[in-house]
Amino acid sequence: MTTPLQLVWFKRDLRVHDHAALARAAERGPVLPLYIVEPGLWALGDQAERHWAFIAETLIELRAELASLGQPLVIRVGEAVPIFERARKQLGVAAIWSHEETGNGWTYQRDLAVAAWAADRGVQWHELQQTGVVRPLKKRDGWAGRWNRFMSDPVVSAPDSLAPLSAVEPADIPTATHIGITLAPCPTRQSGGRAVGLATLKDFLNERGEPYRAAMSSPVTGAAHCSRISPYLAWGALSMREVAHATWARRAALKALDGPTTWRQSMSSFESRLHWRDHFMQKLEDEPRMEFENLHRAYDGLRPVEPDAARLQSWCTGETGLPFVDACMRMLIHTGWMNFRMRAMLMAVASYHLWLDWRATGEHLARQFTDYEPGIHWSQVQMQSGTTGINTVRIYNPIKQGI
């Protein structure tokens with residue numbers, strides 16, 4: 001190619017709108033949009049078939065959107081470094097563009113390997129910020145202000161067009177079986193895709209969200225009146241900036257109206273939780289060991305690292321004999337979603353009532369949440385297990401919670 005090829009590596013940012021990496025790459029030359037399916041990542045134990053099903057549905061829509069611009073999404077299965085090396089040799093890749101990812105430890109080590117390969121081959125790798133998470137961050141002073149400034153920036157438009165790459169075969173989106181994922185269907189999980197995510201956000205901001213502040217604590221009312229956009233944020237069908245802008249616009253419109261304050265209060269609560277989401281992701285970004293070690297090492301050895309198998313199994317399957325706990329777990333298994341308070345209760349019951357180590361129970365919950373976001377997940381797992389040395393110990397009463 002006469003113009004250097006720009007490779008855009010899609011990870012947890014499966015969209016073309018407000019995608020700074022795609023926009024910047026398109027300004028510099030032909031773009032190879034690439035998604036890598038990594039069997040090693042799926043073999044770890046913190047992701048399951050429900051995640052891949054959601055991602056695959058989102059990839060179908062992303063591929064169509066990119067094709068409408070001129071170049072469909074290219075899918076490859078394997079390890080990132082060998083795939084990038086083949087692209088470099090065969091196509092002459094000049095630069096890789098992606099968003100920063102606060103993922104699990106496996107993705108962290110993979111990114112280190114990619115960075116070493118890029119430096120050795122003289123390939124520039126541009127990683128751009130896509131959330132309020134700051135890398136690197138030496139201290140948290142002023143973090144909230146930085147979040148607001150980043151989110152206040154204009155939403156990045158998709159490129160007008162992409163030059164087609166006739167020599168590159170897009171390839172099929174693999175099935176869960178092809179990747180080696182154990183089949184464990186989630187009958188009523190949320191559907192993937194940007195269109196569904198946008199519709200879910202619009203419905204929440206204009207219809208379902210009025211009782212949000214009061215309704216979010218119950219798994220019954222929360223299922224209807226929580227935003228339910230978390231999986232679309234987790235896998236990047238929606239950007240946090242898009243959601244922040246839509247929320248601010250809705251708050252401004254409500255402020256201009258006379259009437260009950262319920263809507264305004266709920267939107268204020270929702271906006272604060274957008275901050276909280278990135279706040280907890282920042283914790284894992286700053287302390288990657290949180291996924292594997294007690295944040296406060298004084299808690300090492302507090303609970304058996306090898307948990308009681310029978311107690312763990314009864315908790316995982318919703319058969320502890322605690323009716324509300326079991327109902328919540330079975331709902332989660334069936335739907336892939338649970339409101340925040342009940343997520344905390346499930347973790348606390350496992351940690352205190354059943355005295356199970358958080359690593360085993362945390363992996364099980366990660367496999368159940370369609371919206372699994374490592375930064376939020378492992379921060380909350382340790383907080384609700386009382387191993388941070390920072391947060392107050394919280395022991396949820398599984399009887400009172402169900403009243």
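V305 counts as exposed, because its relative accessibility is 55%; exposed means over 50%, buried under 20%, and partly exposed in between, with a 1.4 Å probe and protein chains only. V305 sits in the loop between α13 (262–286) and α14. From V305 to P260 is 45 residues in sequence and 52 Å in space, C-alpha to C-alpha.

This is a predicted model, in which local features need pLDDT of at least 70 and side-chain atom pairs count only at pLDDT 80 or more, while totals for chains, interfaces and linings use all residues. Residues are numbered from 1 along each chain as its sequence is written, and side-chain values use heavy atoms, with hydrogens and water left out. Helices (H or I, at least four residues) and strands (E, at least two) are DSSP runs, numbered from the N terminus.

**Helix α16**
- Helix α16 covers residues 340–353, 14 residues in total.
- Its first and last C-alpha atoms are 19 Å apart, close to the 20 Å expected at 1.5 Å a residue; the expected span is 1.5 Å times one less than the number of residues.
- α16 is mostly covered, with 11 of its 14 residues buried.
- Among the buried residues of α16 are M342, R343, L346 and Y352.
- The cover over these buried residues includes α10 (219–225), α14, α15, α17 (358–368) and α18 (374–385).

**Packing of α14 and α15**
- Helix α14 (residues 309–317) packs on helix α15 (residues 323–335) at about 65°, and their axes are 7 Å apart.
- Axes are lines fitted to C-alpha atoms, for helices over the stretch in contact; angles run from 0 to 180 degrees between N-to-C directions.
- From α14, W315, C316 and T317 meet M329, R330 and I333 of α15; contact means heavy atoms within 4.5 Å.
- By class, this contact has four nonpolar residues, one polar and one charged.
- Nonpolar covers Ala, Val, Leu, Ile, Met, Phe, Trp, Tyr, Cys and Pro; charged covers Asp, Glu, Lys and Arg; the others, Gly among them, are polar.

**Aromatic rings**
- The count is nine aromatic pairs.
- Rings of Phe, Tyr and Trp (its six-membered ring) pair if their centres lie within 6.5 Å; planes under 30 degrees apart are stacked, over 60 edge-to-face, and the rest tilted.
- W9 and W125 make a tilted pair, 5.8 Å centre to centre with 35° between the planes.
- W9 is in strand β1 (residues 5–10) and W125 in strand β5 (residues 124–128), so their pairing ties together parts 116 residues apart in sequence.
- W9 and W125 are both buried.
- One aromatic cluster is formed by W9, F84, W117 and W125.

**Charges over rings**
- R140 lies over the face of W143, 4.9 Å from the ring centre.
- R303 lies over the face of Y352, 5.2 Å from the ring centre.
- The rule needs NZ of Lys or CZ of Arg within 6 Å of the ring centre and within 35 degrees of the ring normal.

- Most residues other than glycine have a negative phi, and most peptide bonds are trans.
- W355 has a positive phi of about 55° although it is not a glycine.
- W355 lies in the loop between α16 and α17, and counts as partly exposed because its relative accessibility is 33%.
- R228 also has a positive phi, near 65°.
- R228 is in the loop between α10 and α11 (230–234), and counts as buried because its relative accessibility is 15%.
- The peptide bond from R135 to P136 is cis, with omega near -15°.
- P136 is in the loop between β5 and α6 (143–152).
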